[in-house]
Amino acid sequence: MNYIDAVGGEAVTVLSRGKKLCQMSGLQRVWLVPVSVVIVAVVVASVFLLLSTRSGEGVEVHVAFFRRGAAGGGVFFIAHNHGLTEVCIVGAEVLEPADIRAELHRTIIENGVAKMQGVEKICIPPGGEVRALGVEGDGHHIMLMGNIPEGVQAIKVRLILSSGTALDFEAKEQHLETPAEGPHTGHD
Ligand SMILES: [Cu+2]
């Protein structure tokens, strides 16, 4: 109202300004949609991250794979503890496939010979990690006992943490390639 009074009722100017204002708000509305989508996505992601971190007590499995062995196989992984207190893995189960028993193991070198032994727990220091990669890591691994059916390419594993919470992850099959039976066999 004040503006119209000031310019002495110049209808054209007022109209064009009014139009500009309309276009502005239209533009803002166009931007509002993706911006609000991004905000909602960030909020959802944060909540999800918070919940998932809490469910695993801040423990995250970074690398996970399994290898077939003579009487089952082994699951290997790197577990990082993002928390401020030590967390121990006190048990492991195989969720899929069925009928496979899992044990926490450690490979030790005794008199130059590699031996495996069962362990009650695998502890991860605060802010640290456990390289459960067998002899390629700190010796720890999950021993699988049972028949892994042919065609199974991933194993669903559940780690039981010291507080009783579960941490599930999937370990994909890693094929050990030897020069004699690698994928390049048969090539000239
Ligand atoms: Cu073992």
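## Chat about a predicted model

Biologist: Over which residues does pLDDT stay under 50, and how many contacts beyond four places in sequence does the model have there?

Modeller: Residues 1-16 stay under 50, and the model has three contacts for them beyond four places in sequence. pLDDT is the predictor's confidence in each residue, from 0 to 100, and two residues are in contact if their C-beta atoms, placed from the backbone, lie within 7 Å. Residues 181-188 are also below 50, with two contacts beyond near neighbours in sequence.

Biologist: What's the mean pLDDT of the protein?

Modeller: The mean is 81, and 73% of the residues reach 70 or more. This is a predicted model, so local features need pLDDT of at least 70, side-chain atom pairs count only at pLDDT 80 or more, and totals for chains, interfaces and linings use all residues. Residues are numbered from 1 along each chain as its sequence is written.

Biologist: OK, fold next. How many helices and strands?

Modeller: Two helices and ten strands, running α-α-β-β-β-β-β-β-β-β-β-β from the N terminus on. Both kinds are DSSP runs numbered from the N terminus: helices are H or I with at least four residues, strands E with at least two.

Biologist: Which strands pair with E2?

Modeller: E1 (residues 59-69) pairs with E2 in the antiparallel sense over ten bridges; strands count as paired if DSSP finds at least two bridges between them. E1 and E2 make a hairpin with two residues between them.

Biologist: What stands opposite Phe 77?

Modeller: Ala 64 in E1 and Ala 132 in E7.

Biologist: Is E2 mostly covered or uncovered?

Modeller: Mostly covered: seven of the ten residues in E2 (72-81) are buried. Buried means 20 or more other C-beta atoms within 10 Å of a residue's own, exposed means 12 or fewer, and partly exposed is in between, with C-beta atoms placed from the backbone. Over the 188 residues of the protein, 19% are buried.

Biologist: Which residues have the most contacts inside the largest nonpolar core?

Modeller: Val 75, Ala 102, Ile 142, Leu 144 and Val 157, in a core of 28 residues. Such a core is a set of buried Ala, Val, Leu, Ile, Met, Phe, Trp, Tyr and Cys residues joined through C-beta atoms within 7 Å. Leaving aside neighbours within four places, the contacts of Ile 142 include Val 75, Ala 102 and Val 157.

Biologist: And E9, which residues make up the covered face?

Modeller: Ile 155, Val 157, Leu 159 and Leu 161, whereas Ala 154, Lys 156, Arg 158 and Ile 160 are on the uncovered one. E9 pairs antiparallel with E3 (residues 87-96) over six bridges, and seven antiparallel bridges join E9 to E10 (residues 166-173). E9 and E10 form a hairpin with four residues between them, and Gly 164 in the turn has a positive phi of about 100°.

Biologist: Is Asp 99 buried or exposed?

Modeller: Exposed, because 10 other C-beta atoms lie within 10 Å.
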